[in-house]
Amino acid sequence: MTYRPTFHLSPPQGRLNDPNGVTFIGDQLHVFYQHDPCFPHAAKRTGWGHAVTTIGGEEGLGQWRHLPDALYPDFPYDTHGCYSGSSVVHDGEVMLFYTGNVKEDGRRLTTQNLVRVEDLEGPMGGVYHRAPENPLIDGPALGFTAHYRDPHVTQNEGGSWRMVLGAQREEERGAVVLYESPDLLNWSFAGALQFEGLDPRVEAAYMWECPNLLRMRDHATGQWREVLVLCPQYPGSDECGYVVGTLDGLWFRVESQFRPLDFGHQFYAPQMVAEGDGDALLLGWMGLPARDDTPTLQAEGWVHQLTLPRRLQLVDGQLRTELLLPTDPAGMVVHREVLRGQPWEADLVDDAGGVGAHVAWRPGEAGRGMLSVTVGGDERSAECAQGELVVCADGAALEVVAGGGEVAFSSAVFGTGGAPWMAVEVREIGHNRG
């Protein structure tokens, strides 16, 4: 009996949050993540955990293999945390970018830093060298607060580099700022992105965390577009979504309005990396800021997990999601259904008779309908097209994808006392179980 998932990455102990530095080396997928191994028994000291799995081949998605933690806050510019960031593989070298966090005399100091990785595929999972040039970016630009973090670095078509950071303006409004570099060491501040057509509510958020800016090819039009993922924060709530458009200098023209990236109960701070010809791979944190009270912590000493790797395609200005599953999903429940013009509903049931979640489909007009996922009485819903539904239950993780990948739901679920999930039981419409 255990809450621990088989194929969703969870920490060996302590607290996991944002995925960081998602890195492909052949068929090996290295994922770093925010890790506080002593949580909740000591002061917060967040570093980077590290695990690796395989993608592709006969086995599909492999199980995660944990490696020693990669980063620990022990340098003068990161003594209170190695916060989120990303990775770059350039000329055969793996480089990690992260935010260093220092708190002194009631003030926060944030810097952007580089780590060079040696022997990533070795038995110790790499040797990590802080760059002597650190900090590369020594504090926020003029007009911004110390909430200035989460570097996402990608290469431009001409060979130069760009970095986006989540930021907060001095008037406590969220922003994404852009830096440019010819060599990954020397960075110049270009400015804050300016938006045409962005939802005013998103613009009013007090902070934008964990931005990802990636060029993707739209499979419907063949055109390349910029996809910006961001996590706007509001008093009492946190969101995660994306916009699609074109970028000219700092001017982002929104063509597809802000839309949730996931409609479930726990999804935040995802990271995207380019994959194939204009597609992307994504992992997200199945958690939310300051929401750590789960049965896994008291029973087994760990909290939170990541989603399965997801392949993303851009189609008609919207992201479509495909869950990457193992060929042999032993240890988890995978249920497939084709949603049509009739109502459908089912329960996720454990072997002690408990119900972890309820999934329901209510058809509407023109081949569309509403899909809902209910956990602990909290219902989340989204409109999507008819088509294949995939439900995956793995320990404390539930993921649902429907409508040809049009919608995805990520939710934490807990079997009775850690009891394993037995099945997704389709039930008669209108019948209330238990």
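These are my notebook entries on a few places I looked up in this structure, which is a predicted model.

**Entry: strand E25**

I began with E25, residues 344–350. I found 7 of its 7 residues buried, so the strand is largely enclosed by the rest of the structure. I then checked the two faces separately. Trp344, Ala346, Leu348 and Asp350 cover one side, while Glu345, Asp347 and Val349 sit on the other, and all of them are buried.

Next I looked up the partners of E25. With E26 (residues 355–363) it runs antiparallel, joined by 6 bridges. In that pairing I see Val349 opposite Val355. The hairpin of E25 and E26 has 4 residues between the strands, and Gly353 takes a positive phi near 90° there. E25 also pairs with E32 (residues 421–426), again in the antiparallel sense, over 5 bridges. Here Ala346 stands opposite Val426.

What does the side chain of Asp347 contact? I find a polar contact of 2.9 Å to the side chain of Arg427. Asp347 itself belongs to E25 and counts as buried because its relative accessibility is 4%, below the 20% cut-off.

**Entry: Ser372**

A quick stop at E27, residues 368–375, where Ser372 has its place. I noted Ser372 as buried, at 10% relative accessible area. Ala382 is 10 residues away from Ser372 in sequence, and the C-alpha to C-alpha distance between them is 6.6 Å.

**Entry: the sheet E5-E6-E7-E8**

I moved on to an open sheet of 4 strands, ordered E5-E6-E7-E8, with antiparallel pairing. Which strands stand at the edges? They are E5 (82–90) and E8 (127–130). Each has a single partner strand, so one side of each is left without a neighbour in the sheet.

Val89 faces Val94 of E6 as its opposite residue.

**Entry: cysteines**

How many disulfides does a search of the whole structure find? I got 0. I wanted to know why, so I took two cysteines in turn. For Cys82 the closest cysteine sulfur is in Cys38, at 14 Å, which is too far for a bond. For Cys392 the closest is in Cys384, at 18 Å, also too far. The cut-off for a disulfide is 2.5 Å between the sulfurs. Both residues are buried: I have 0% relative accessibility for Cys82 and a relative accessible area of 0% for Cys392.

**Entry: aromatic rings**

I counted 13 aromatic pairs in the structure. One that I examined is Phe195 with Trp208: the ring centres are 5.7 Å apart and the planes are at 75°, so I logged the pair as edge-to-face. This pair links distant parts of the chain, 13 residues apart, with Phe195 in E13 (residues 194–196) and Trp208 in E14 (residues 207–217). Buried or exposed, for Phe195? Buried, with 13% relative accessible area. Trp208 is buried too, at 2%.

I also noted one aromatic cluster formed by Phe32, Trp48, Tyr98 and Tyr128. Last, I looked up Arg201 and found that this residue lies over the face of Tyr234, at 4.0 Å from the ring centre.

Terms used: Residues numbered from 1 in each chain as written. Predicted model: local features only at pLDDT ≥ 70, side-chain atom pairs only at ≥ 80, totals over all residues. Heavy atoms only, no water. Helix = DSSP H or I, 4+ residues; strand = E, 2+ residues; numbered from the N terminus. Buried < 20%, exposed > 50% of the residue type's maximum accessible area, 1.4 Å probe, protein only. Polar contact = N/O pair within 3.5 Å; in protein donor to acceptor, adjacent residues only side chain to side chain. Phe/Tyr/Trp six-rings, centres within 6.5 Å; stacked < 30°, edge-to-face > 60°. Lys NZ or Arg CZ within 6 Å of the ring centre and 35° of its normal. Pairing = 2+ DSSP bridges.
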